[in-house]
Amino acid sequence: MTLNGWLQIFLFLFLVFLVTKPVGIFMTRVFNREKTFMDPLLRPLERLLYRVTGVDENHEMRWTEYAVSMLLFSLVSMIVLYGLERLQGYLPFNPQKFGAVNPPALAFNTAASFTTNTNWQNYGGESTMSYFTQMAGLAYHNFMSAAVGIVLAIAFIRGIARRQMKTIGNFWVDLVRCNLWVLLPACIIGALVLVSQGVVQNLKPYDTAKLAEPLQVQTTGADGKTVTQTVTDQTIAQGPVASQEIIKQLGTNGGGFFNANSAHPFENPTPFSNLFELVLISPSAAALPTP
């Protein structure tokens, strides 16, 4: 290990320790429903969401009601994502004209893995998923599955702290506050930081570039015979990358826009973006046990 390598490790650890305590204190105030500096902006929006969805923010749930609410929410979210994948050929923001995610088992596996925060990818995002599926499906689940994991940890902590009580909070209130106060503000700022480093964020169709030197590629045909093809063009995939990359890291999700994930230069173009993305993985988990 070189001196430079040790310095990078110590810098990473220093930054993680630096942000863990403040983030933990802030999250404690958010989930205890104490006043924060963002309340003047977010409380009216929070009340509007409860009014529209019929949620009683003062209702406390027993662990059974909390668990059932989480499972039903996750089930519906999973079904919606599966539907988006299978119908993406008919939906907007699909400049590459991708059809349904096939086979159906792949679409189901993707929906299940993103719902459960596993985010296991058995597909190439840039060659399989439309922009709409990436944004309204996968990025949505990057937010919601991370939020569900956080609020379940909070409910577990409450269960230990409230030994004489039968309730552990309200799942819907915790979910809304986790997204509005914690994940969304951090992701808006973080996405702008990534864009400043060159991470792609657009809705343009893929570009095509001519290769300076054509390549000879051998492929196997349907009859099993080897076929040699000359490749003269390169397709350059792009899209709403920064907005998905930031929540992928912050929520410790893993489901990247591209098949190569953060090894792709459009997701992680500079040494600073690499350090920034590494640090982002830690605070949401490290801050949970922080009083």
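## Exercises on burial, cores and salt bridges

Glu 267 is found in the loop between H8 and helix H9 (271–281); helices (H or I, at least four residues) and strands (E, at least two) are DSSP runs, numbered from the N terminus. The model is predicted, with local features requiring pLDDT of at least 70 and side-chain atom pairs pLDDT 80 or more, while totals for chains, interfaces and linings use all residues. Residues are numbered from 1 along each chain as its sequence is written, and side-chain values use heavy atoms, leaving out hydrogens and water.

**Exercise 1.** Determine whether Glu 267 is buried or exposed, and state which residues it touches.

*Solution.* 
Step 1. Apply the cut-offs: buried means under 20% relative accessible area, exposed over 50%, and partly exposed in between (1.4 Å probe, protein chains only).
Step 2. The relative accessible area of Glu 267 is 0%, so this residue is buried.
Step 3. Contact means heavy atoms within 4.5 Å. Leaving aside residues up to four places away in sequence, Glu 267 touches Val 199, Val 241, Glu 245, Lys 248, Gly 256, Phe 257, Phe 258, Asn 261, Ser 262 and Glu 277.
Step 4. With Phe 257 there is a further detail: the side chain of Glu 267 reaches its backbone nitrogen at 3.0 Å.

**Exercise 2.** State how many salt bridges the structure holds, and describe where the partners Arg 162 and Glu 60 lie.

*Solution.* 
Step 1. There are ten salt bridges in the structure.
Step 2. The side chains of Arg 162 and Glu 60 form one of them, at 2.9 Å from N to O.
Step 3. This pair links distant parts of the chain, 102 residues apart: Arg 162 is in the loop between H6 and H7, and Glu 60 is in the loop between H2 and H3.
Step 4. Arg 162 is partly exposed because its relative accessibility is 22%; Glu 60, at 36%, is likewise partly exposed.
Step 5. For background, side chains of opposite charge can pair when their charged atoms come close.

**Exercise 3.** Identify the parts of the chain that the salt bridge between Asp 233 and Lys 210 ties together.

*Solution.* 
Step 1. The closest N and O atoms of Asp 233 and Lys 210 are 3.1 Å apart.
Step 2. Asp 233 belongs to strand S2 (residues 226–236) and Lys 210 to strand S1 (residues 207–220), so the bridge joins parts that are 23 residues apart in sequence.
Step 3. Asp 233 counts as partly exposed at 35% relative accessibility, whereas Lys 210 counts as exposed at 67%.

**Exercise 4.** Name the members of the largest nonpolar core that touch the most other members, and find which helix supplies the largest share.

*Solution.* 
Step 1. A nonpolar core is a set of buried Ala, Val, Leu, Ile, Met, Phe, Trp, Tyr and Cys residues joined through side-chain atoms within 4.5 Å.
Step 2. The largest core has 49 residues, of which Ile 150, Phe 171, Trp 181 and Leu 183 touch the most other members.
Step 3. At least two residues of this core come from each of helix H1 (3–31), helix H2 (39–53), helix H3 (63–87), helix H6 (131–161), helix H7 (171–196) and helix H8 (242–250).
Step 4. H7 gives the largest share, twelve residues.
Step 5. Apart from this core lies another, of ten residues, including Leu 81, Ala 107, Phe 114 and Tyr 123.

Methods:
Polar contact = N/O pair within 3.5 Å; in protein donor to acceptor, adjacent residues only side chain to side chain. Salt bridge = Lys/Arg side-chain N within 4 Å of Asp/Glu carboxyl O.
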